[in-house]
Structures are given as C-alpha cells and as structure tokens.
Amino acid sequence: MMERKPLVYFHGIVPGRYVATWPAFVVGDDPKGLAVTIAVDDRAALSEHVVLGAYDDDANSRRRYVTAAVKVRLHQRLFRERVLAAYRDQCALCRLRHTSLLEAAHITPDSSPDGEPVVKNGVSLCKLHHAAFDQNILGIRPDYVVEIRKDILEEIDGPMLRFGLQQMHGQKIIIPRRADFRPDKIALEGRYQAFREA
C-alpha cells in the first residue's frame, strides 16, 4: 500500500475457478481486523500521478468507477458459472456443450428489482436460444415446455430456423438435478406472460 505497487486480484467464483482482475491496489489497512481494502483501476487509464501516489479527484473518481464496473463484471461471471454448473454445462434446450457458446439467461431481467443473480432465476442457454429468449421469439412455460412464437413457426427459412428454433416448439427443457436450482415457476410465469403479450 505504501509503495503503491499494483497487484493481481483473484476473485473466487466457484471452487477451482477464479477471475483475475488487475491492476488492483491496496488503498486501506485494518491491522486489528486483519483486513485490507482493495480498489481496482484501469491499466490503460493509469496516470503518472496515480502511480506516484499523488491522487487527484479525477483519479479517485475513475478508480471508484472502474472498481464498481469490476464488481458488476464479477457478479455476472459468478451468476454464469453457477447457472452453467447447475445445468451440467449444456444448453437447456439443444444440449449444446461448448461452454464458450453458453450463457446464463435471466428469467426475471437483471435490471428488475426482482432479478436476483441466483441459479433459480437463470437458465443455461446457447447464444442463439438466449437471444431468442430475450427477444420473445421463444418462451418457457412454468411446466418447462418451450413455445416458439407463432409467426416464427410459420416462417420458411434455412436449417437454423427449422432445426434451431422451430423443432424446439413443444420440447421440455432440461432442468437441474437439485430442486432448489430449478427455474422459479413464478418467475417463469411472469416471463411467459411477457412472451405471450409480445
């Protein structure tokens, strides 16, 4: 802290998986509590004044902003890892297992006051099905059955539409083995109603 040396901060998200964030700086010390306060900064935005310890208002404002942005990023990463693990690293609709193509879709949107980043408010979806879910092209009923919007079912296009979306109509999604990780039926009902209204 006194030398203003940057650190790499490893944030544990699930057992055995970490997100590395840097540069991180020790900005506060509590010797009695055996704790320190860490702030994250943007390497590209670091100025000579910050490195030398001459903190100005702009540097403090920037550091607070970047630290807040990192907290949000860690929060989203933790949500994704937990949801994907609950669904055994596969899309709940098509069973695709390429984790680089999987995302954690919020049932109740993250922007909503009820949109908590908990597994039962998420569904593991591939990028195609996540986008279709967010655009109300597909809906998931509270009984875990997928519905595809009527106009999409009647559309004629290539194999991606036919096999990637239309054939999902009426199929049941896979759900986590643990009952407390399964999609919240009340949240699904609310989201399904929004799909029906769209």
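Reply: What follows starts with a salt-bridge network and then moves out to the rest of the chain. Keep in mind that this is a predicted model.

Start with the network. Arg141, Asp143, Glu147 and Arg196 are linked by salt bridges. Two of the contacts can be given with their distances. Arg141 meets Asp143 through their side chains, at 2.8 Å from N to O. Arg141 also meets Glu147, at 3.3 Å from N to O. Arg141 therefore takes part in a bridge to Asp143 and in another to Glu147, with a relative accessible area of 25% that makes Arg141 partly exposed.

Glu147 is at 13%, and because buried means under 20%, Glu147 falls in the buried class.

Now the loop in this stretch. Tyr144 sits between strand S6 (138-140) and strand S7 (146-148). The backbone of Tyr144 stands out: phi is positive, about 70 degrees, although Tyr144 is not a glycine. Most residues other than glycine have a negative phi. Tyr144 is also buried, because its relative accessible area is 9%.

Arg88 gives a second case of positive phi. Its value is near 55 degrees, again in a residue other than glycine. Arg88 belongs to the loop between helix H2 (57-86) and strand S4 (102-106). Here the cover is of another class: Arg88 is at 28% relative accessibility and so counts as partly exposed.

Back to salt bridges. The structure holds 11 of them. One of these joins the side chains of Glu3 and Lys5, at 3.8 Å from N to O. Both Glu3 and Lys5 are exposed.

The charged end of Arg178 sits over the ring of Phe181, and the distance to the ring centre is 3.9 Å. Arg191 does likewise with Phe133, lying over its face at 4.0 Å from the ring centre. As for ring against ring, the count is one aromatic pair.

Next, the surface. Val8, Phe10, Tyr18 and Trp22 make a nonpolar patch of about 470 Å². Where does the patch come from? Strand S1 (7-14) and strand S2 (17-30) each supply at least two of its residues. Phe10 is found in strand S1. Phe10 counts as exposed because its relative accessibility is 52%, and the cut-off for exposed is over 50%.

Last, the whole chain. Six helices and seven strands make up its elements. From the N terminus on, they run β-β-β-α-α-β-β-α-β-β-α-α-α. The chain has 198 residues, and 37% of them count as buried. The accessible surface comes to about 12000 Å², with 54% belonging to carbon and sulfur atoms. Contacts across the sequence matter for the picture too. Of the contacts with a separation of 6 or more, 53% are between residues 24 or more positions apart.

To return to the part you asked about: Arg141, Asp143, Glu147 and Arg196 form the linked network, and the buried Tyr144 lies in the loop between strands S6 and S7.

How values were computed:
Residues are numbered from 1 along each chain as its sequence is written. This is a predicted model: local features need pLDDT of at least 70, side-chain atom pairs count only at pLDDT 80 or more; totals for chains, interfaces and linings use all residues. Side-chain values use heavy atoms; hydrogens and water are left out. Rings of Phe, Tyr and Trp (its six-membered ring) pair if their centres lie within 6.5 Å; planes under 30 degrees apart count as stacked, over 60 as edge-to-face and the rest as tilted. A charge sits over a ring if NZ of Lys or CZ of Arg is within 6 Å of the ring centre and within 35 degrees of the ring normal. Patches are made of residues with over 30% relative accessible area and no salt bridge: like charges are joined within 9 Å, nonpolar side chains (Val, Leu, Ile, Met, Phe, Trp, Tyr) within 5 Å. Accessible areas come from the Shrake-Rupley method with a 1.4 Å probe; for residues, only the protein chains shown count as cover. A salt bridge is a side-chain nitrogen of Lys or Arg within 4 Å of a carboxyl oxygen of Asp or Glu. Helices (H or I, at least four residues) and strands (E, at least two) are DSSP runs, numbered from the N terminus. Buried means under 20% relative accessible area, exposed over 50%, partly exposed in between (1.4 Å probe, protein chains only). Contact means heavy atoms within 4.5 Å.
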